[in-house]
Amino acid sequence: MAGYKLGEGYYDKAVLPIGSTEYHGEHLPFGTDTLVADSLAAALTDRVEGMLKLPVLPFGMSEHYSSFPMVITLDTTTLIGVLKEVMNSLNAHGIKRLIVINGHDGNIPALHAASMEYRKAHPEFKVAALEAWWITAGELLPRGTFEAWGGIGHAGEGETSMMLRVAPELVNMSKAKGHIPTLPEHIQVTWLFSEITPYGVTGDPTKATSEKGIMMWDALVEKLVSFVEEMDRNAWEIDKKK
């Protein structure tokens, strides 16, 4: 089996957390997406043998949030290149299995493109991703867990709850306020963030609680661990006979 020996450890797979540096309202830190992704990656590494945790990538594609200072952003082309170079570096050292934990919506197109393009050129390299934890968490928890807008939103109920689990000392609930925009159904419109919220927040962070954050975090970690364990049992291959 391919892998890489580092110190006393032997690694055959890696986890890459990627986030962003952008405004998350007055109540959350700029590094919210980065902190959440990094915490999930650390938990996965603690639970899964042979998993190498890579340093978190703190910058993503945040152009659409840039009307609210301060945003540090990469463009999509740059992010695609960075992700492919990370994959190539791992591959060169014999680590051919990568799971990405993404904390930011603007990174998803780059993650799709980089993964598909790199795998086409290097089919021996396997890539998986938790690309939108804020959606997945809502799907894993009981219906009715969230009180506003299904818990989604930028710095809204779900994300604020997660931060109350991950780094409560960085959350100031006294400054939490949100806005739930009325958006068209079924058809996706490319909005600049300033066009749909006056506060740099969507959803309702005032409904956030640490209890909801614990439920979300625990459910996501269990899903990540069970996924990787199952993939390892199947050598990261799909049984096409089923």
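Q: What makes a set of residues a nonpolar core?
A: A nonpolar core is a set of buried Ala, Val, Leu, Ile, Met, Phe, Trp, Tyr and Cys residues joined through side-chain atoms within 4.5 Å. Buried means under 20% relative accessible area, exposed over 50%, and partly exposed in between (1.4 Å probe, protein chains only). This is a predicted model, where local features need pLDDT of at least 70, side-chain atom pairs count only at pLDDT 80 or more, and totals for chains, interfaces and linings use all residues. Residues are numbered from 1 along each chain as its sequence is written, and side-chain values use heavy atoms, leaving out hydrogens and water.

Q: Which residues have the most contacts inside the largest nonpolar core?
A: They are Leu 40, Leu 44, Ile 99, Ile 101, Trp 133 and Met 162, in a core of 36 residues. Its largest share, nine residues, comes from α6.

Q: What does Met 162 touch?
A: Counting heavy atoms within 4.5 Å as contact, and skipping residues up to four places away in sequence, Met 162 touches Val 36, Leu 40, Trp 133, Gly 213, Met 216, Trp 217 and Leu 220.

Q: Why is Thr 145 called buried?
A: Its relative accessibility is 14%, and buried means under 20%, so Thr 145 counts as buried. Thr 145 lies in the loop between α4 and α5.

How values were computed:
Helix = DSSP H or I, 4+ residues; strand = E, 2+ residues; numbered from the N terminus.
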